[in-house]
Every structure is written in structure tokens, then in C-alpha cells.
Amino acid sequence: GGVAYQSSYRGIPIAMKDIAQAQLDLGMSEATKIMQKRVDRGRMKSQKMAEVLTGITPTLSYENLADVDLVVEAVVEKESVKKIVLAETEKKISEKAILTSNTSTISITELAKVLTRPEQFCGMHFFNPVHRMPLVEIIRGEKSSDATIAATVAYAAAMGKSPIVVNDCPGFLINRVLFPYFAGFSGLVNDGVDFLRIDKVMEKFGWPMGPALLLDVVGIDTSFHAGGVMAEGFPDRMSQDVPTIISKMYEHEWYGKKNEKGFYIHSKDKKGKPKKEPNPGIADFLQDLGVGSGEGISDTDIIDRMMLPMLMESSRCLEDNIVETPVEVDMGLIYGLGFPPFRGGIFRWADTFGLNELLQRAEKHKALGKVYEPTEQIMKMAKDGKLFHPLE
Ligand SMILES: NC(=O)c1ccc[n+]([C@@H]2O[C@H](COP(=O)([O-])OP(=O)(O)OC[C@H]3O[C@@H](n4cnc5c(N)ncnc54)[C@H](O)[C@@H]3O)[C@@H](O)[C@H]2O)c1
């Protein structure tokens, strides 16, 4: 629904196909809700709202897809279902059309295997909520052609988004660097640091929300599954060998905001505005986990234990050629995750301290696991006194 809305809002008409009428209705009502608020506040004319809605054609049939230029597949996050839907879609669209997938965790190269025109396929990963988050990751599979990537980048830009092109790997760029950050969070909780304190410290650092609330918003189930994909892809540093608060919550079906139970209890106030309160039930899980006392862990330790894994993995993404430049990583994090913009991104943040200082700080936490291990790139840059964003 979000993709259809954004496309039509920018004047690019779109057919929205689903297998369930109720889901199509939901998509249209979500779009209406977003715009009605704007109209009520005088920020949008009702004529524009009508045009946007007319630009979306909800459909249960493939017929409306026969003449499209580009398709964004966004069905359930299951490889088997996506493969069936993609193969079927490819047969129904024109030979020139481009096919993309909004998958968050499935390999683009793998999905391409069921297609007869894999060069006309790539990833097009949006971030939630689509109408607010500026980033789109365009993922180049092994067989995606340059023309396909260029056309998909152009479509993202025409939708008013800021695309970055990344090579295929588990988690692509954004989730690949987000999950080590979450690992930092789980480690802190296991050591007995209160999640409310972590959220406060990270909000003060500048994040729009702390990691516990972010996990609630993303969904504990979604994070648990994506964490599994990351662990499989990078077992040396992303597999969790001890139970964590996330696995506990998942076991008990506390999925976060979507079922109102997460680190916070999510509800609505009298005016219908979202409200959240810390979930007292978390304490029982922490007792089961036998967490530490949290003593001696300073606010700087909290920041470092969250941010250093993100920095190291971002550097690994450059080393592995997942993304070309530090600027793209920094832009991706600001636009896709809400990384504090005034800090300029993870590499700019690292530059403000200098890599030698950060290496010392990483040394303090190295016993916590490989997510804290400095990369060759960072060690070399520190030795040569280099910055990710060199001053002219
Ligand atoms: N929710 C997010 O935050 C988010 C963010 C980025 C990417 N994504 C990706 O977007 C995709 C969809 O996620 P979601 O959260 O909207 O899932 P969802 O389960 O809410 O929606 C999936 C939709 O696909 C429809 N569907 C299922 N089988 C279909 C078929 N054979 N043909 C046509 N439609 C079919 C369902 O009816 C449903 O409307 C996933 O790949 C997910 O990883 C989600």
C-alpha cells in the first residue's frame, strides 16, 4: 500500500495487485488516512488527494500489469511464495518490463534463479513508513544488468526517494549494519543494563528512538527472523549462542507494536494518539535469563557497545564491496534508519574521534565478541592517520 501511495503521489500511476480484496481495501484506506490528515491540516488540496487515489488501481488480476514498465513485488517475506509470484508475474508482464522485489532478507541472486530474464530483475527495498523514509536500497543481484539498475534508480528518484545501489548480501547494507547494533543491545541487556536506560542514552545520542522501541516498531518476530538470516550469513559474528531478550519475547509471542506487547505496552490515549508504557513483564524474562547486575557500565560504554558493532560492520561492507563509498553508507543510515543527521552518519561519527581513539575503545569490549573486532580497513586507516571523509 505504501509503495502504491508514494508512486501515485508523485504522479506515477500504479496498479496494486493482491490476492485478497480486504488487503486492497486496507491499502486504499491507509493511503486515504495519510492524505486526509494532510487535507485537514491544510497541507494538501482535496483535489490532489482525489488524483492520488485515482492513480492507484487496486486489482486482483494480472491483466492490469500487462503494460507496466516496472513491478515492485511486495508479498509475504517467504522465499517459496516470492519465487512463485515472481515467476508468475514475469510471464504476465511485457518482455521489456523490469521486475523488482521489496524483500528485506532474501537473496536477490537466489530469487533470480526462477526467472527467465534475471538481468531484468533487482531488489528495491523500501523502509517503513514508505511515505516518510527517504531511502530505497537498490540491490544488484549477480545477473542484474546496468540498465535495470539505472531504470530502478530512476523510478526511485521519480518517487521522491534517495536511492543507493548495493550489492547482494544477507541484510543488504542497512539490515547488515543494523543487526550488529541490535546485538550490542541484547548484550547490554544480558549484562543487566535496563532497556529504558539504553533507550534514553541512545535517544540523547540523537536517535529518533532507542533500540528497544525500534525493535518494537520493526516487530520482534520480524527482527527474530531477520536475525536468523544474518546469523546464517555471518555465523562468525552474528550467531547468538546464548538466549537473548529477543528470543525470549519471540517465544512468548510478544511481537512489539503490532500486538501491543513488546518492551513497551502500546495502546492509545483518549484522543486516539499512540501511547506507550514500559512493559513490567520484561522483568520476569530478565530473571529467567539470569542477567548480570549492570554495574560499572557507563553511558559511554552503552554508546560504544551499540555503535562500534555498527561501525565495524559498515567498514566490512566497504571491504566486501557491498557499497562503494563511505558517503553512501552515511546517507543510507540517515535516510533509512534515522541515524542522527547532525552526526553525519556512522563514518562521520568515527572521524570526529579519530580511528585511533575508537580502536582503543573497541579494545575494551573485544571480549564481547567478533562484532567488536576492528576491520583490516579501520586498522590500516588508523595507522595511516586517515579519515573516512578526508578534509579537503
Ligand atoms: N513491513 C515492513 O516494515 C517492511 C519494510 C521493508 C520491506 N518489507 C517487505 O515487504 C514485503 C511485504 O511485507 P509486509 O509487511 O507488507 O507483509 P504483509 O504480510 O503485511 O503483506 C503481504 C501482502 O501480500 C499479499 N500476498 C500474499 N500472497 C500473494 C500473492 N501470491 N500474490 C499477491 N499478493 C499476495 C497478502 O495478501 C498481503 O496483502 C516483504 O517482503 C517484506 O520483507 C516490509
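Colleague: Which domains supply the shell around the ligand?
Modeller: Domain 1 (1–61) and domain 2 (66–168) each contribute at least three residues to that shell. Please note that this is a predicted model.

Colleague: Which residues come nearest to the ligand?
Modeller: There are 15 residues around the ligand, and D18, Q23, E77, K82 and S104 come nearest.

Colleague: How do the residues of the shell divide into nonpolar, polar and charged?
Modeller: The shell holds 6 nonpolar, 6 polar and 3 charged residues.

Colleague: And which helix and strand supply at least two residues of it?
Modeller: Helix α4 (79–92) does, and so does strand β5 (121–126).

Colleague: What lies 2.8 Å from an oxygen atom of the ligand?
Modeller: That is a polar side-chain atom of N128. In the side chain of N102, an N or O atom is 3.1 Å from a ligand oxygen. V75 takes part through its backbone, where a polar atom is 3.4 Å from an oxygen of the ligand.

Colleague: How much of the ligand does the protein bury?
Modeller: The ligand taken alone exposes 830 Å², and the protein buries 67% of that area.

Colleague: Changing topic, in which sense do β8 and β9 pair, parallel or antiparallel?
Modeller: Strand β8 (residues 264–268) pairs with strand β9 (residues 274–278) in the antiparallel sense, over 5 bridges. One of the residues involved is I265, whose bridge partner in β9 is E277.

Colleague: What do the two strands form, and how many residues are between them?
Modeller: β8 and β9 form a hairpin with 5 residues between them. In the turn, G272 has a positive phi of about 85°.

Terms used: Residues numbered from 1 in each chain as written. Predicted model: local features only at pLDDT ≥ 70, side-chain atom pairs only at ≥ 80, totals over all residues. Heavy atoms only, no water. Near = heavy atom within 4 Å. Polar contact = N/O pair within 3.5 Å; in protein donor to acceptor, adjacent residues only side chain to side chain. Areas by Shrake-Rupley, 256 points an atom, 1.4 Å probe, with all protein chains shown as cover. Helix = DSSP H or I, 4+ residues; strand = E, 2+ residues; numbered from the N terminus. Nonpolar A, V, L, I, M, F, W, Y, C, P; charged D, E, K, R; others polar. Domains from an automatic or database assignment. Pairing = 2+ DSSP bridges.
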